[in-house]
Amino acid sequence: MNKLTKAAIAGAAGIALLLGGAGSLAYWNVSSNVGSTSINSGSLAMTSTAGVWNNTYTKWVPGDSSTYTGSVTVTAAGDNFKGDFTVDKSSLTTGNELAQALDITLTVTGTLPAGVTLVSPGVYKITGAGTFVLPVTVKVQFPYGAVIDNTTMTKTVALTDIKFNVKQTTP
């Protein structure tokens, strides 16, 4: 037999083996859903009132302060929600020496609603779902006698840029 005939026979035999082998790979397969339930995600929302500042200085100097009084409503929907309510100083102009020098403190006044606890000064833990009305004061103080140099002079900080924040924490 010549080489061409041998190659043709070998090729035909290979194809026959492949076709026959393909049939032996058949198997049955079924699937089913895990269950008949679904999940829904919760939500987190916050609104604040247009509060009032007790001092409206035009030009602040070290030693001046002002206190904001208002209320914040936090609505949390989630079976195991936990979050920290704080005031966010970083929302002020970054790199502004005056903003960095200011002391800003948050206090929830009166009796804390059920589900809200004081964790540390200015940090309040909200636990569980619900609507939490928080009467707040935010004190902004330009400290006198602190290590403040002349870089804080002629700077502007918009106190309206101070933000309340609720950040979810691990359950």
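**Figure 1. Overview of the predicted model.** Residues 24 or more positions apart account for 75% of the contacts in the protein with a separation of 6 or more, a contact being heavy atoms within 4.5 Å. The model is a predicted one, in which local features need pLDDT of at least 70 and side-chain atom pairs count only at pLDDT 80 or more, whereas totals for chains, interfaces and linings use all residues. Residues are numbered from 1 along each chain as its sequence is written, and side-chain values use heavy atoms, with hydrogens and water left out. The protein holds 2 helices and 9 strands, and along the sequence these follow the pattern α-β-β-β-β-α-β-β-β-β-β; helices (H or I, at least four residues) and strands (E, at least two) are DSSP runs, numbered from the N terminus. Of the 171 residues, 25% count as buried, where buried means under 20% relative accessible area, exposed over 50% and partly exposed in between, with a 1.4 Å probe and protein chains only.

**Figure 2. Close-up of the open sheet.** Four strands form an open sheet in the order β6-β7-β4-β9, with antiparallel pairing; two strands pair if DSSP finds at least two bridges between them. Because β6 (116–120) and β9 stand at the edges with a single partner strand each, one side of each is left without a neighbour in the sheet. Neighbouring strands of this sheet are turned by 30° against each other on average, direction ignored, the axes being lines fitted to C-alpha atoms, for helices over the stretch in contact, and angles running from 0 to 180 degrees between N-to-C directions.

**Figure 3. Close-up of strand β4 and its partners.** Strand β4 (residues 82–88) pairs with strand β7 (residues 123–127) in the antiparallel sense over 4 bridges, and within β7 the residue opposite K82 is T127, while K125 stands opposite D84. With β9, the antiparallel pairing of β4 runs over 6 bridges, and G83 has Q168 of β9 as its bridge partner.

**Figure 4. Close-up of S65.** S65 lies in strand β3 (residues 65–77) and counts as buried because its relative accessibility is 18%. Leaving aside residues up to four places away in sequence, S65 touches N55, Y57, W60, K139, V140 and Q141.

Figure 5. On a 1 Å grid over the protein atoms alone, a pocket is an open set of points where a 1.4 Å probe fits, with protein on both sides within 12 Å along at least five of seven lines, and lining residues have an atom within 4 Å of a point. Grid points are joined across faces, edges and corners, and a volume is the space filled by probe spheres set on the points. Its lining has 20 residues, of which K59, W60, L98, T152 and K155 lie nearest the centre. The lining divides into 12 nonpolar, 5 polar and 3 charged residues; Ala, Val, Leu, Ile, Met, Phe, Trp, Tyr, Cys and Pro count as nonpolar, Asp, Glu, Lys and Arg as charged, and the others, Gly among them, as polar.

**Figure 6. Close-up of the second largest pocket.** The second largest pocket has a volume of about 200 Å³, and the residues that line it include M46, W53, Y68, V138 and F164. β1 (43–48) and β9 (163–168) each supply at least two lining residues, with β1 giving the most, 3 residues.
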